[in-house]
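Me: I have a model open here and want to go through parts of it. Can you take my questions one at a time?

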Amino acid sequence: MENGADRALREDRGVPGCTGEGSMDSFELGRLTDHDFEEVCRDLFTELLGVPLEIFPRGRDRGIDLRHAPEGGPCTIVQCKHWYRSGRAKLLAHLTDVEVRKVAALKPDRYVLATTVELTVDAKEKLRTTFAPHIRSTEDIHGVDDIVAALRERPQLVERHFRLWLSGTAALGALLHKGPLLRSDWLRRELAKVAQTFVPHEGFERARRLLDEQHVCIVTGIPGAGKTTVARMLAAWRMGHGWEVHEISQDVDEVTELWRDGVPQLFLYDDFLGQTTLLPQFGKNEDVRLLSVMRAIRDAPDKALVMTTRRYLLEEARRKHDRLASDDVRDALTGIRLTDLDLLTRGRILYNHVHRSALRPLQKRQFAARDAWLPVVSHRNFSPRLIEETLRVDLKREPDVATAMVANLDNPRRIWERIVENELTEEAVQLLEIVFTYGSVGLVELEETWTWYRRESEREADGRRFRHALQVLDGTMLVIDEGVVSFHNPSIADYIRFHLNAGRGQLGALLASCGDMQQVVRLVDAGRLADGGGIITQLMQLKEELASAVLGAEDTVDDNLEDHLEWALDTAETIGSSSLADYVAERARELPRWSENTKDLLRLADSLEGSRLITQEVSAEFRALVDDHVSSQISERVAGGWIDVNNWYAYLDEPIGWLADGTLLDDMVECALEELRELAADPGDLSEASIGFLEALLGFLTDNDAHLLHEEEFRAVERIREQLTRAREAAWRSLARSLAERSPDRGRPVKLPPNPRHEQVVVVSEFMSDLGNAESDGPG
């Protein structure tokens, strides 16, 4: 029987369904599109009937959904009627008035009916009589109860169909009910919305396999390719299987705070490198902390981490942060490419968005024509995001939505430009500009900064105007979640960057309103992008304003001042600001006395020496201070033994040339030799995990010619390293042979698939033609 929770869920969604016992519970089949339902029926009835079924590319007059028609053998037709909105009476009338004549003309040996409508015993008997002899018995008539019962017995089939699995009440309950599985109400609503139109593709399956194997997955791709959607659907998948999902909004330390031993948890870290620049999102040593968390999650069977970023930002991060070029990141990396979205996948994405949209019936019917949908799904700039935004923005404005969609694909900036430059008030546009400088910001801080910006622009500012501007943008261009405001999607941030680059904002007033260094950095780094020359040109005319903004926001810099000063010096060089260079020179003198970031100090010293805005006297003074600092660090490490020396030296990741003839280097070598002698005498508990440590020790001694002084001990440790290496390689080869022997494809010839484009066009034409039957307003 249907329990209260199931009934409440079904009534809340306005979709009829059937519930029952078992792990699958019930399915809300009304959430499926017509094509989804046909694909589910194909797989289900292939099992029930014991014969392979094909989705038959039919003409509209024949009306065949699925069939099995072997040459010279009996023909079986399965008709799929997804009439969950119309009800039993209308379905029966249609079947007896229309379908019975089609079946009589087709003369199948067996006719099977599958429908999402509930059928009574009397209704089945009536249909058996009407369709005799083609329907053999009432067992060939499957109402929604029969289909749900059959699916409940086939969990593996359900898992193959993402939207079907998602329609199960367990998965729906996780997404739609407020409970402990999801921390953010906004993310819960967003997951449920995205699931309505999501189409699983090769990129998603690749990411899901990686997450299952590694527990950590970094999804990359170009803007609009669907990275965030894939990440959210991975989260939905785990939620539907009972996992908690936690959205990471600031930095990776939140994972540690949220971690609960013994509880299955997935952490979703969307856009972890920031939308347009790296530094504001990546705090001090976050690369170290991130790798530590990744390794901990990789070893925990009940934890998972999904992160997204744009490909070019990851490459930038790897250049700036060596640790992000490690094997840990490489092994967790997968990409969402436009080639993952073949024509058939693109067609399903377009169909789902149109089917679920608020387009009027006449507008939906436009997409049934091949001339309307084919230019969209074939477009070089096809993007699920642009499809979604066109349908949202152009619903009432464009009588020909299909043509507007192609125009937006031709020029993606067109969507936001029309809104920002022509339709929004100045108050709302300036609010967007403020959000751009933050990335995400609390409501109180946003109002304070917006008020300051308005006053610097000599405009009126009050609470009523702020609230009205926020109300206009909320839910369309901005998202407000638990008091934090951010862009609805990254494409809006991209447009605001273009808007500022074109000189359409008041950059001087915007700089004056910046109370947080993060804002200043985001503005400057936006100008450093390939298409940010306009921002740099404006900043060159606002040198003093920029220097004042940096000085005014200095107290908001995190404790990694070395990175900040290097950024400030680079900015001074870019715009030719002597005031900003003087600021760097003054602050740099204080750093080495308390800093623990030796590597950053060395890098800053190199930058000062190479700067045309810093005097030789200042750079020489700073270098001397850093040299003293490094000397004290070496002395401390030597006192602690070789492990401390090695870890510190590896952290620097560069030779310290000025130590070549010094006693400090001799001390480091003596530390290494002492470790070498101890290992040669007693290898102890060395294992394959020690290979890297041994290689570092031997490499350091070789680099400094110390191996010549202790050849016997050196050869003994080298033999130990070689033995461990051979043991590891043998284990890998054994594992590879074992996997190859178990592979179901072992020994099978490789057969290249034919070019599927023609077949895909036929299939897309078939299900897009269903939109020509759109009758009602509102979501399908």
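Reply: First a term: buried means under 20% relative accessible area, exposed over 50% and partly exposed in between, with a 1.4 Å probe and protein chains only. This is a predicted model, where local features need pLDDT of at least 70, side-chain atom pairs count only at pLDDT 80 or more, and totals for chains, interfaces and linings use all residues. Residues are numbered from 1 along each chain as its sequence is written, and side-chain values use heavy atoms, leaving out hydrogens and water.

Me: How many residues of α20 are buried?

Reply: Seven of the 10 in helix α20 (401–410), which is mostly covered. Helices here are DSSP runs of H or I with at least four residues, strands are E runs of at least two, and both are numbered from the N terminus.

Me: Which ones are they?

Reply: V401, A402, A404, M405, V406, N408 and L409. Their cover includes α16 (343–356), α17 (361–366), α18 (370–377), α19 (384–393) and α21 (413–422). Contact is heavy atoms within 4.5 Å.

Me: Now the sheet. What is the strand order?

Reply: β11-β13-β12, an open sheet of three strands with antiparallel pairing. Two strands pair if DSSP finds at least two bridges between them. β11 (440–442) and β12 (478–481) are the edge strands, each pairing on one side only.

Me: How many bridges join β12 to β13?

Reply: Four, with β13 covering residues 484–487. In this pair L478 stands opposite F487.

Me: Which helix packs on the sheet and touches β11, β12 and β13?

Reply: Helix α23 (443–456), whose direction makes about 95 degrees with that of β11. Axes are lines fitted to C-alpha atoms, for helices over the stretch in contact, and angles run from 0 to 180 degrees between N-to-C directions. Helix α22 (426–438) also lies across these strands, at about 95 degrees to β13.
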